[in-house]
Amino acid sequence: VSLTLGEIIKGVNSSDPVLCFQATQAARKMLSRERNPPLKLVVEAGLIPRLVEFLKSSLYPGLQLEAAWALTNIASGTSEQTRAVVEGGAVQPLVELLSSPNVTVCEQAVWALGNIAGDGPEFRDIVISSNAIPHLLALISSTIPITFLRNITWTLSNLCRNKNPYPCEKAVKQMLPVLFHLLQHHDSEILSDTCWALSYLTDGCNERIGQVVNTGVLPRLVELMTSSELSVLGEFKVQKEAVWTVANFTTGANMDQLIQLVHSGVLEPLVNLLTVPDVKIVLIILDVITYILQAAEKLSEKENLCLLIEELGGIDRIEALQLHENRQIGRTALSIIEKHFGE
């Protein structure tokens with residue numbers, strides 16, 4: 001049924017569930033258009049409060065789904081549009097839908113909450129304080145369809161995102177064991193979003209980094225960076241996230257944490273990734289190597305570290321980068337060789 005906005009407004013405000021469903025579905029289809037969906041018009045038409053009411057209609061899962069879907073689309077718009085969804089009271093009923101017996105409704109609620117949480121720290125914290133995390137974690141099982149698990153992982157990564165302020169410690173403690181579990185998965189999308197989540201969580205003070213290191217994720221991150229399967233698939237995206245996470249560890253870590261990093265075998269994959277065609281990643285890796293060398297110098301461990309880098313073929317690779325077409329890479333490589341491998 002294709003309806004005009006006027007007919008949709010009328011239908012949504014009707015007391016007949018069939019008309020409500022038809023109008024909500026028409027609104028959802030309008031909001032799902034690829035080109036210029038009329039998010040602003042729908043918000044200004046005052047539909048959000050009714051859509052939120054429909055989330056609570058447990059007798060009509062079809063209506064719940066269409067309402068959740070329409071709200072998901074609105075929440076994917078500007079911050080102002082996301083705010084309209086939050087202020088319309090959608091978060092709590094969406095969290096309650098995470099326990100819906102209807103899997104499709106449940107998955108749509110996960111998606112909507114991911115869009116809301118991804119907007120910034122304020123809405124992320126509203127989702128967290130509505131007790132979304134335990135409900136999200138309860139959905140993860142070995143029988144869950146892979147597309148649904150990808151969706152949950154993406155929403156969890158948005159709940160780890162943004163600082164000023166960081167997500168509260170309780171939330172991070174709830175999520176970390178599950179992120180560790182998801183990092184063992186074989187699906188590249190799940191791995192990529194889990195690495196994103198960890199890179200957000202380690203982009204902070206020592207205490208935050210320590211929390212992540214203590215879950216024991218380092219060996220697996222190192223494994224992902226060296227994974228031949230992933231590099232064969234060109235799944236460079238996952239390796240990239242793993243490098244970012246390690247870079248965050250390195251720049252925020254204290255001496256002990258750095259030594260732990262080197263012992264977990266992080267240098268070999270980093271040296272191997274120096275040949276990738278991504279300028280930013282090469283620069284990050286050179287920075288990480290510089291940082292570790294400086295730390296080793298303070299601990300009088302520099303000689304051992306230089307020997308290790310040489311054994312891994314690192315000196316040859318860094319020397320070759322001195323001639324790189326990117327001037328910054330060339331300069332950084334030159335300064336590492338001069339400062340640390342001069343003799």
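**A glycine in a loop, and its setting**

Modeller: G88 sits in the loop between α6 (79-87) and α7 (91-97). Bear in mind that this is a predicted model. G88 counts as partly exposed, because its relative accessibility is 26%, and that class lies between buried, under 20%, and exposed, over 50%. Now follow the chain to G314, 226 residues away from G88 in sequence. The two C-alpha atoms are 56 Å apart. For scale, the C-alpha trace of the whole protein chain spans about 85 × 40 × 35 Å along its principal axes. That chain holds 23 helices and zero strands. Of its 343 residues, 52% are buried.

Helix α22 covers residues 314-321, and α21 covers 302-311. Each of these two helices supplies at least two residues of a negative surface patch. The patch consists of E310, E311, D316 and E319. Take D316, which belongs to α22. Its relative accessible area is 55%, so D316 is exposed.

S300 is exposed, because its relative accessible area is 65%. N36 also has a positive phi, near 40°, and is a residue other than glycine. Its place is the loop between α2 (17-31) and α3 (39-44). At 67% relative accessible area, N36 is exposed.

N164 and P165 are joined by a cis peptide bond, with omega about -5°. P165 lies in the loop between α11 and α12 (169-182).

Helix α11 itself, residues 146-159, contains N158. N158 has a relative accessible area of 3%, so this residue is buried. A polar atom of the N158 side chain lies 2.9 Å from the backbone oxygen of G114.

What is buried in α14? The list is R208, I209, G210, Q211, V212 and V213. This helix runs over residues 206-213. Six of its eight residues are buried, so the rest of the structure largely encloses α14.

Back to the starting point. G88 is partly exposed, whereas N36 is exposed and N158 is buried.

Conventions. Residues are numbered from 1 along each chain as its sequence is written. This is a predicted model: local features need pLDDT of at least 70, side-chain atom pairs count only at pLDDT 80 or more; totals for chains, interfaces and linings use all residues. Side-chain values use heavy atoms; hydrogens and water are left out. Patches are made of residues with over 30% relative accessible area and no salt bridge: like charges are joined within 9 Å, nonpolar side chains (Val, Leu, Ile, Met, Phe, Trp, Tyr) within 5 Å. Accessible areas come from the Shrake-Rupley method with a 1.4 Å probe; for residues, only the protein chains shown count as cover. A salt bridge is a side-chain nitrogen of Lys or Arg within 4 Å of a carboxyl oxygen of Asp or Glu. Lys and Arg count as positive and Asp and Glu as negative; His and the chain ends are not counted. The place of a charge is taken as NZ of Lys, CZ of Arg, CG of Asp or CD of Glu. Helices (H or I, at least four residues) and strands (E, at least two) are DSSP runs, numbered from the N terminus. Buried means under 20% relative accessible area, exposed over 50%, partly exposed in between (1.4 Å probe, protein chains only). A polar contact is a pair of N or O atoms within 3.5 Å; within protein, one must be able to donate a hydrogen and the other to accept it, and residues adjacent in sequence count only if both atoms are side-chain atoms.
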